[in-house]
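This report covers a few selected sites in one protein model. Please look over the sequence and the structure before reading on.

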Amino acid sequence: MNKKNLLFSALMAAGCAFSAMAVLPEAEINSRVNDLIGRMTLEEKIGQLNQLSGYGYAPEMVGQIRNGAVGSILNEVDPEVVNKLQREAVENTRLGIPLIFARDVIHGFKTIFPIPLGQAATWNPAVVEEGARIAADEASSVGIRWTFSPMVDISRDARWGRIAESFGEDPVLSETLGVAMVKGYQSDDLSQPNTMAACAKHFAGYGAAESGKDYNTTWIPEELLRDVYLRPFKALADAGSATFMCSFNDINGVPSSGNRKLLQNILRDEWGYDGLMVSDWGSIQQMIPHGYSENLRHAAAQAVDAGVDIDMESYAYTGHLRDLVEKGEVSEARVDSLVRNVLNLKYRLGLFENPYVDVATSKRFYAPASLDAARRAVEESAILLKNTGTLPINNSKVKKIAVIGPMADAQHDQAGTWVFDLEKEHSVTPLTALQQMYGKENVIYAPGLDYTRDLSTKGFSDAVKAAKKADVVLYFAGEEAVLSGEAHCRADLSLPGAQSRLLQELKATGKPVVMVVQAGRQLAIMPESELADAVVYCFHGGTMTGPALANLLSGNVNFSGRCPVSFPRMSGQEPLYYNRKNTGRPAEGITLINDIELEAGQTSTGCTSYYLDAGDGALFPFGYGLSYTDFTYSDPVLSASEIGPDGTVTVKCTVTNSGDRAGSEVAQLYIRDHVASLIRPVRELRGFEKITLQPGESKTVEFVLTPAELAFHVNGSQTVVEPGEFSVWVAPNANEGTPARLTVVKPQTVASR
Ligand code: GLC
């Protein structure tokens, strides 16, 4: 044991709180890393590239650490065990290189925030950053210094269970919120012990899984890959996300884990990224069933060549890298380049100076300020989709409230997916919050169904009785947490179980019914939305869902959530997204299936692009959401009607609160390039601003459009702005607004994005 370690263990034993050392200059880190690599054996280098999942102070894990066979561990969250395992690495190995402890802290560690799709519905980067900061403080207090978040996969298909973990269908919304999350996790000094390294995942194109089926193949032309799927990752690389994770899927036949063009040519050579790349769980090994690798040795060689620094749970590197190097199939210099990225991260995290958790201050959970922030996040994420006047609950008219439905009191399920560290007893449900707000005597509770997939109608009669006794019915429907997230895809996006039938029974009582949906994705709720008098959508909101919904339903707080995805009328519309192409026959003269006459002529329903049963477009469009007040928009005013080669155009629009109470609105900037060498979408989000206005107050929002905002990719990787007419909107959602015209006056090539 060397002197430094003796000091650390003495301090550790004394339970002293380590003062965080200042971050080392990059030049100093580089010098120390070079020195260390120069002293490492090949075996020790390979060990740094190996990440294992650990639960507890397992003897085999201790042995692997002492043998220098593991460089990072995921899933250990007991601070005592973290320190024990860390001491094995720091004090019982030849070079004392510390471990990194990682966890999927996706939307909170103990204080659970809305799932990322819900955080996207806030359209508020400050809310996302605050939630990530709180998550980092809670998780780092037990020794977690690396989270596998944010996930910035663009998701255009609600069938895909992992849409829950995404920021939705748009690259600009996703990149803006993803960057905010990185800042929250990493703060401005990653060496501080209450920070976590972020991880931009899953690189790349994972959300384009065919048929919305997880892990499925993708076919993404390079122009689309760069215009849409890579854009958020580029933003996170530029924002300094300390790590990336490659994805399970193949892109056009090449799995990401062995995709040199993606991981080396684009990420490293083109973007200049110098962080760390970790594989997904077993993704190197999965190149065998993909049909890309003959065996694990071959997969290891492909992953090293592509640039996967750390092998998570494939045992490919520990099993085959020595042989590959000794046989000259992989150079030790290439291995050194991977090890460098690992050691850089450990120095940037300050782990060489400060490897241990301060147990005296660990387990910092559920601070009142954190719970308050979590409640505000839900309040800003919930979306008011329909309101015929039933909301807010009118206290002068409403004395009795019926609270019904399988999601009214679901402490586990309201937290959503990826909450391995959830303590559900801390979840405050809508039932509890409403009883606290209105008094138990005024809240009549009858779940009607025991869980969302429940097909039994045995509880219906009690639910109907409760409804009949009440002045208003609050029906909490949705999805259990397990119905979204990894490997949890659904081909039918209807409300599961007998939830729709229960709503029909409740509506038949003649009472006003407010349907509140908690789910991990946008569901196909057209029939239910037509039945209910009001519809509120809350993507699984986490710990403080109840108090937030009570505040919103009562009118204490106004709705400000906006759709981060397009809501389908029917499942069969998926994939469904607003930034679609116009086609040569855009939908017109829609004749719905029940309106078609018998023996109608073949062309009687027209020949344009729509569904006979679902019509066309979203039930609730991207960017849409109602408020308890109203907003009006002036026509956008451009500072010029033409944009030159390097010019910029300022777009102004005055938004007015024309209602009688304060509210927040999300003004959205959209463009459309009407004629181009590759057809462009009918709309593309290019900016947004969430503003709060008092009754009668107006504010002029201002956006700057540069050529780069109008650019798109051609010939694979070339970025161009082509001459011609553009429309520019500042609007409340992707379907509304009055466009201004903008002309690009000459072709130019701008720097590649
Ligand atoms: C999972 C997920 C990935 C996660 C990793 C570690 O399979 O794909 O998002 O970070 O494994 O848990």
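## Glu379 in its helix

Glu379 is found in helix H16, residues 368–381 (helices, H or I, of at least four residues and strands, E, of at least two are DSSP runs, numbered from the N terminus). Its relative accessibility is 6%, so Glu379 counts as buried (buried means under 20% relative accessible area, exposed over 50%, partly exposed in between, with a 1.4 Å probe and protein chains only).

The side chains of Glu379 and Arg375 are joined by a polar contact of 2.8 Å. A polar contact is a pair of N or O atoms within 3.5 Å; within protein, one must be able to donate a hydrogen and the other to accept it, and residues adjacent in sequence count only if both atoms are side-chain atoms. Not counting residues up to four places away in sequence, Glu379 touches Ala548, Asn551, Leu552 and Val557, where contact means heavy atoms within 4.5 Å.

## Basis of the model

The model is predicted: local features need pLDDT of at least 70, side-chain atom pairs count only at pLDDT 80 or more, and totals for chains, interfaces and linings use all residues. Residues are numbered from 1 along each chain as its sequence is written, and side-chain values use heavy atoms, with hydrogens and water left out.

## Ligand surroundings

The ligand is surrounded by 13 residues, of which the closest are Asp104, Arg162, Lys201, His202 and Asp280 (a residue is near a molecule if one of its heavy atoms lies within 4 Å of it).

An N or O atom in the side chain of Lys201 is 2.7 Å from a ligand oxygen, and for Arg162 the corresponding value is 2.8 Å. Glu486 has a polar side-chain atom 3.0 Å from an oxygen atom of the ligand.

## Packing of H13 and H14

Helix H13 (residues 296–306) packs against helix H14 (residues 316–326) at an angle of about 80 degrees, and their axes are 9 Å apart. The two helices are therefore roughly perpendicular to each other, a term for angles of 65 to 115 degrees.

The contact residues divide into 9 nonpolar, 1 polar and 2 charged (Ala, Val, Leu, Ile, Met, Phe, Trp, Tyr, Cys and Pro count as nonpolar, Asp, Glu, Lys and Arg as charged, and the others, Gly among them, as polar).

## Cys653 in its strand

Strand E20, residues 649–657, contains Cys653. Cys653 counts as buried because its relative accessibility is 1%. Val730 is 77 residues from Cys653 in sequence, yet their C-alpha atoms are 6.6 Å apart.

Note on methods. Axes are lines fitted to C-alpha atoms, for helices over the stretch in contact, and angles run from 0 to 180 degrees between N-to-C directions. Angles under 35 degrees count as roughly parallel, over 145 as roughly antiparallel, 65 to 115 as roughly perpendicular and the rest as oblique.
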